[in-house]
Amino acid sequence: MIKEPTTTALTFEDFKTEVLKDYTIAITSRECSLLGRKEVLTGKAKFGIFGDGKEVPQLAMAKAFKNGDFRSGYYRDQTFMMAIGELTVQQFFAGLYGHTDINQEPMSAGRQMGGHFVTHSLNQDGSWKDLTQQKNSSADISPTAAQMPRLLGLAQASKIYRQVTGIPNTQNFTQNGNEIAWGTIGNASTSEGIFFETINAAGVLQVPLIMSVWDDEYGISVHAKHQTTKESISEILKGYQRETNTNGFEIIKVKGWDYAELIAVYEKAAAIARKNHIPVLIHVDELTQPQGHSSSGSHERYKDGARLAWEKEFDCIRQMRLWMIAINIASPEELEAIDLKAKKEVLEIKKIAWNTFIEPIIEEQKKLVLLLEKTARDSKNKEAIAQLITDLKSLKNPLKKEMLVAARKIIRLVVNESGQEELGQWIIDFTQKTQSKFSSNLHSESDKNIFSVQKVLPEYGHHAIADTDGRMILRDNFDALFTKYPETLIFGEDAGTIGDVNQGLEGMQEKYGELRVADVGIREATIIGQGIGMALRGLRPIAEIQYLDYLLYAIQILSDDLATLQYRTVGRQKAPLIIRTRGHRLEGIWHSGSPMGMIINAIRGIHVLVPRNMTQAAGFYNALLECDEPALVIECLNGYRLKEKMPLNYGNFKTPIGVIETLKEGTDITLVSYGSTLRLVEQAAKELLEVGIDCEIIDIQSLLPFDVNHDIVKSVIKTNRLLVIDEDVPGGASAYILQQIIENQDGYSYLDSKPQTLTAKAHRPAYGTDGDYFSKPSSEDIFEKVYTMIHEVSPSKFPVLY
């Protein structure tokens, strides 16, 4: 039996007004979906993925969603975004057309396909808005279930703000931790491992998270029987149901077409999560997908007649209409009038959105045509140019690409002619103006980016000697940071009770508490997600991944979410997460790989820092906490017990990011490396000096960014020879390093012999010390490689060794 909501004290007239408003939003959203698909099929839009069939439950979710709350959802939530006032019809179509003006298309300025939603957490200068006074959505991404890890961190932030005392300047981020993180996902995507990883972690942590599963029985064309055991996510998650004196979830199942019951369910769920910080899973089933998965195909291909008939009958908007008529909220005629008005308004606004998108491009087209016609007048190739102009003029809905293609083809025909200079300048100006629309904000462009931090050297006492374990440098520096920045917290496997596996956090949990220095389960993807979500809400998390090769569990979240966040929001959201891990030299197949080539190419948008010792690493942490950008810091796994000098200015010395360090000056050859391998390079250089070869040694320090001052090429100008030593596989990070030096820095011009690399073997090391020696560069390998390169120059002075 359908019930009216009873949780709010409304008169029937107020209730009627509210319901009609909801219905208008739902029917408007549906019209956007229907018309949006047509725009794709007519070629005005590239691709469409819409929220039709999910309108009514999203209205219910929007009613329980309060200022300060955060959404982490997927690309079906257009009705929800409209209901909370963060998506207009014109913005919907601007997104569909890929409008590159952030004012017209605030979701991503055309960088993501339509259906991907975001609210702006930052002002244009990169400063925080007051997130407690707006309804927030973290930036959507397409990979299925990839919104889940971030959802966990968004919810955990409320727990931190409620339970950790002493965090300053929280007024823009929380109201006593009362905010809920709302997740949405399609039923088929719950098959992904990171869905279960996140659900398990949320149950353990007991954070204010509400997870809505939109269940329309299919994942693209694949039925639920192929997706989920028992064909029901709520059934198989019953073991997560919270019981007396246990943690876990509240689990609620509700039909997606039952408007009144949906509102009651979402109000109940919100009360549980907001007040008690108990996670809730709402399984919304019996939903439909009237147009199928997307504009790329038709669902009639995989749904039988009975299913299609059921979907028509139980369409959530149709059922809402029947209910409204049954309890005298509106007559069929009144609802028909609302429908017709919505159709007309959506159509009119769609036209406005299209004209706003296309008219500036057409104006550019007209200006270019005039310039090309002028260029053609005195050209010996005027007939060929005329045909290209005709083709350009024939384009009714031109793309910027098509204009630039025409101009670049024509400039080839007017080389050394009078029109070349003006056309060339147009091409340069147009490219620069347009390219920035697609390439800006990969990194922070605020005044808190990494280049705003100045180098501060470690300070030492008069008689300082290298007598302190490297781990002690890290530990005491973290101690200083946790005191200096109360909003900073660290978490990872074994990070808490024992102070990490290498004791770099020894005693920190006892001093700062279990929430700021926390142990977590073995679940790397959600460790990163915790960090992303908390950083999105103003905290400064450090997520610890125990070993470098474990980063592979989380590489998708790092690559698709964190690395693209500033880019895909055009600088309107940021998550300055620091990821701490350890790696490089070690014996055995596991933990000994250094897949730096894979990492640096997968996570462009995140800085990758490779300190050679723990003082350098500590300096990176100090610098990063003054910045607003994410970074990965890879500590040397075999350096924690090596002796270093003890600084006096913990928390304050800073290692510059993107700047190399010359460890030894020399004249014969430039040796470039990073991390643990540098110790072998230094040893080999000492031995090479004994036979008369003077090497210059350069520590890269950071792979992303790489040598922003182009200091390595200055060394190559002096030595005229280059060897890159790397423990990644052949063609891994060494190929990237060579490209940076030879191509970007023009190092090729200054070489007297072939630039070379010395890398690990293609396999990982076998177990034992011999495995390391025969798999990765040794000091003897380095000696002999350099010796051979110098032999080519002076064979009599340096005869072959064997």
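This is a predicted model: local features need pLDDT of at least 70, side-chain atom pairs count only at pLDDT 80 or more; totals for chains, interfaces and linings use all residues.
Where does Asn328 lie? Asn328 is in the loop between helix 10 (316–326) and helix 11. Its phi is near 65°, a positive value in a residue other than glycine. Most residues other than glycine have a negative phi. Asn328 has a relative accessibility of 61%, and exposed means over 50%, so Asn328 counts as exposed.

Glu217 also has a positive phi, near 80°, and is not a glycine. You will find Glu217 in the loop between strand 4 (209–214) and strand 5 (218–219). With 29% relative accessibility, Glu217 counts as partly exposed. Another backbone detail is the cis peptide bond that joins Leu704 and Pro705, with omega about -5°. Pro705 sits in the loop between strand 20 (702–704) and helix 23 (711–719). Most peptide bonds are trans.

## Domains

The protein chain is divided into domain 1 (56–87 + 125–329), domain 2 (358–432), domain 3 (466–645) and domain 4 (663–794).

## A helix with a buried face

Does the length of helix 14 fit its number of residues, or what span should we expect? At 1.5 Å a residue, the 20 residues of helix 14 should span 28 Å, and the end C-alpha atoms are 27 Å apart, which agrees.

The buried residues of helix 14 are Leu423, Gly424, Trp426, Ile427, Phe430 and Thr434. Seen down the helix axis, these buried residues fall within an arc of 150°, so they line one face of helix 14. An α-helix has 3.6 residues a turn, so residues three or four places apart point the same way. The exposed residues Glu421 and Gln432 are on the face of helix 14 turned away from its buried side.

## Pocket and cavities

The largest pocket holds about 650 Å³ of space. Its lining has 27 residues, and those nearest the centre are Lys46, Tyr97, Gly98, Phe357 and Leu399. Helix 4 (89–97), helix 11 (332–377), helix 13 (400–411) and helix 14 (420–439) are the elements that each give two or more residues to this lining. Which of them gives the largest share? Helix 11 does, with four residues. By type, the lining of the largest pocket has twelve nonpolar, ten polar and five charged residues.

The whole structure also has four cavities of 30 Å³ or more. The largest cavity has a volume of about 70 Å³. It is lined by 13 residues, and Gly95, Met107, Gly114, Gly115 and Phe117 are the closest to its centre. This lining is made of five nonpolar residues, seven polar and one charged.

Ala342 belongs to helix 11. Is Ala342 buried or exposed? Its relative accessibility is 4%, and buried means under 20%, so Ala342 counts as buried. Ala342 and Thr28 are 314 residues apart in sequence, while their C-alpha atoms are 5.4 Å apart in space.

His443 is in the loop between helix 14 and strand 9 (468–469). At 26% relative accessibility, His443 counts as partly exposed. From His443 to Ala563 there are 120 residues in sequence, and 8.8 Å in space from C-alpha to C-alpha.

Note on methods. Residues are numbered from 1 along each chain as its sequence is written. Side-chain values use heavy atoms; hydrogens and water are left out. On a 1 Å grid over the protein atoms alone, a cavity is a set of points where a 1.4 Å probe fits but cannot get out, and a pocket is an open set with protein on both sides within 12 Å along at least five of seven lines; lining residues have an atom within 4 Å of a point. Grid points are joined across faces, edges and corners, and a volume is the space filled by probe spheres set on the points. Ala, Val, Leu, Ile, Met, Phe, Trp, Tyr, Cys and Pro count as nonpolar, Asp, Glu, Lys and Arg as charged, and the others, Gly among them, as polar. Domain bounds come from an automatic or database domain assignment. The expected span of a helix is 1.5 Å times one less than its number of residues. Buried means under 20% relative accessible area, exposed over 50%, partly exposed in between (1.4 Å probe, protein chains only). The arc is that of the directions from the helix axis to the C-beta atoms.
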